[in-house]
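Reader: Hi! Could you walk me through this protein with a few questions and answers?

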Amino acid sequence: RQQIQDHLQCCRFESVKDFLGRTESQMNELKRALEDKDNEIGFLRSTVSNLSERLGMLERSSEIRLQRLETDQSKVGQDLLDTRHTLSFMTNELHQMQNQMGTVGMDLDQHYWKCKGTFVGHEGPVWALCVYGDVLFSGSSDKTIKVWDTHTNYKCLKTLEGHNGIVLALCIHGNRLYSGSADHSFRVWDIDTLECINAIQAHENPVCTLATSANFLFSGSLKTIKVWDMHQHQMVHEMTGQNHWVRALVATQKFLYSGSYQSVKIWNLESFECVKVVHVSGGSVYSIAVTDQHLIAGTYENEINVWDVRSHKELAKLSGHAGTVYALAAVPKGQGQMQLFSASYDRTLRVWHLETMNCVQTLIRHQGSVACLATARGRVYSGAVDSAVKVWQ
């Protein structure tokens with residue numbers, strides 16, 4: 001024991017033991033501190049990760065909202081442009097009406113056309129219309145012909161199916177309905193039974209227009225007009241020499257009028273020979289109307305050309321539409337006067353006095369280009385790309 005005490009008094013490492021003890025204690029404290037820091041760092045990393053995810057979600061949400069805002073802004077801008085266009089259009093109409101009041105005076109007994117109803121049922125644009133008594137037929141891009149009651153319940157009586165393409169043309173002769181289609185054929189329907197009685201593969205291209213006179217059916221397509229015997233449904237003649245699509249045909253007792261690129265051709269129905277070519281400056285002819293006094297053509301370049309039906313002297317060019325004039329229809333006004341309806345790509349119908357060559361009314365109810373017209377018993381029917389048929393009276 002004495003030796004141990006002597007050793008402790010003189011040993012130089014004894015003080016180091018205390019230092020090492022204190023150092024070990026400090027190291028343990030540092031380890032615990034590091035573990036705490038590691039835990040804090042892990043928590044911070046988790047927090048940063050959550051914040052990053054939330055930030056990403058906010059960015060995506062912001063992008064979606066920004067896209068929606070841009071879309072809404074674009075739509076609002078387009079609506080504003082449409083509104084301005086309509087306002088400008090109506091302002092021009094008002095000026096025209098004021099000018100007419102100043103130049104020709106206003107007829108206080110004038111009756112203006114109003115929309116009396118809408119036939120809805122087609123699933124595509126309406127390209128053709130025709131009337132038989134109290135029944136209206138409409139042809140559409142949905143490849144069907146709808147039969148409408150225009151007298152009692154104003155409902156669709158039946159849907160005629162059979163065409164494999166857009167129904168582009170309709171006409172009636174006797175109790176037969178003829179329909180021309182983009183499937184290159186025309187079909188013959190019995191109006192009494194509303195059944196198809198024949199289908200003729202007529203052209204190598206879409207049948208754009210149909211007309212009838214005497215015992216003949218005329219069909220217009222690309223650069224050709226074919227003449228068909230109505231009873232046998234056989235082709236009896238082909239009128240060649242057209243320079244483009246034949247989009248309009250009108251037949252009278254003596255003549256057939258055909259519209260193509262920059263021309264209206266007049267054909268003698270006895271010889272089937274072209275007897276006159278009336279030149280048109282407004283591009284392709286899309287529509288034709290013939291009255292006792294006037295030959296009228298609507299063109300691709302928004303104009304309506306009017307000639308004397310006998311001398312073929314140009315009488316006027318009617319301007320006002322802002323798109324192709326797809327259809328024309330002459331309507332008796334009374335006292336030997338005529339009104340002209342015109343339907344256009346610009347979604348409007350216009351009413352013209354043929355005595356003054358003035359536009360007296362613009363009808364804006366369709367939501368798409370107005371493609372076809374039909375008239376009967378003091379009414380006018382208009383079909384449009386908005387799939388609707390409107391009734392005007």
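Reader: Over which residues does pLDDT stay under 50?
Author: This is a predicted model, and pLDDT is the predictor's confidence in each residue. The protein averages a pLDDT of 89, and 88% of the residues score at least 70. One stretch keeps a pLDDT under 50, with five contacts in the model beyond four places in sequence: residues 102–109.

Reader: Thanks! Which strands stand at the edges of the open sheet of six strands?
Author: Follow the order of this sheet, E14-E15-E16-E17-E18-E19, paired antiparallel. An edge strand has a single partner strand, so one side of it is left without a neighbour in the sheet. From one strand to the next, the twist averages 25°. The strands at the edges are E14 (248–251) and E19 (314–318).

Reader: What is the bridge partner of Ile266 in E16?
Author: Look at strand E15 (residues 255–268) and strand E16 (residues 274–290), which run antiparallel and are joined by six bridges. For Ile266, the partner in E16 is Lys276.

Reader: Which element gives the largest share of the largest nonpolar core?
Author: This core has 15 residues, and Trp113, Phe341 and Trp392 are among those that touch the most other members. Strands E20, E21, E22, E23 and E24 each give two or more residues to the core. The largest share is three residues, and they come from E20.

Reader: How many residues are in the other core that lies apart from it?
Author: Nonpolar side chains tend to be buried together in soluble globular proteins. Here, another core includes Leu318, Leu328, Leu354 and Cys359. Its number of residues is 13.

Technical notes
Residues numbered from 1 in each chain as written. Predicted model: local features only at pLDDT ≥ 70, side-chain atom pairs only at ≥ 80, totals over all residues. Heavy atoms only, no water. Pairing = 2+ DSSP bridges. Helix = DSSP H or I, 4+ residues; strand = E, 2+ residues; numbered from the N terminus. Axes fitted to C-alpha atoms, helices over the stretch in contact; angles between N-to-C directions. pLDDT = per-residue confidence, 0-100. Contact = heavy atoms within 4.5 Å. Core = buried A, V, L, I, M, F, W, Y, C linked by side-chain atoms within 4.5 Å. Buried < 20%, exposed > 50% of the residue type's maximum accessible area, 1.4 Å probe, protein only.
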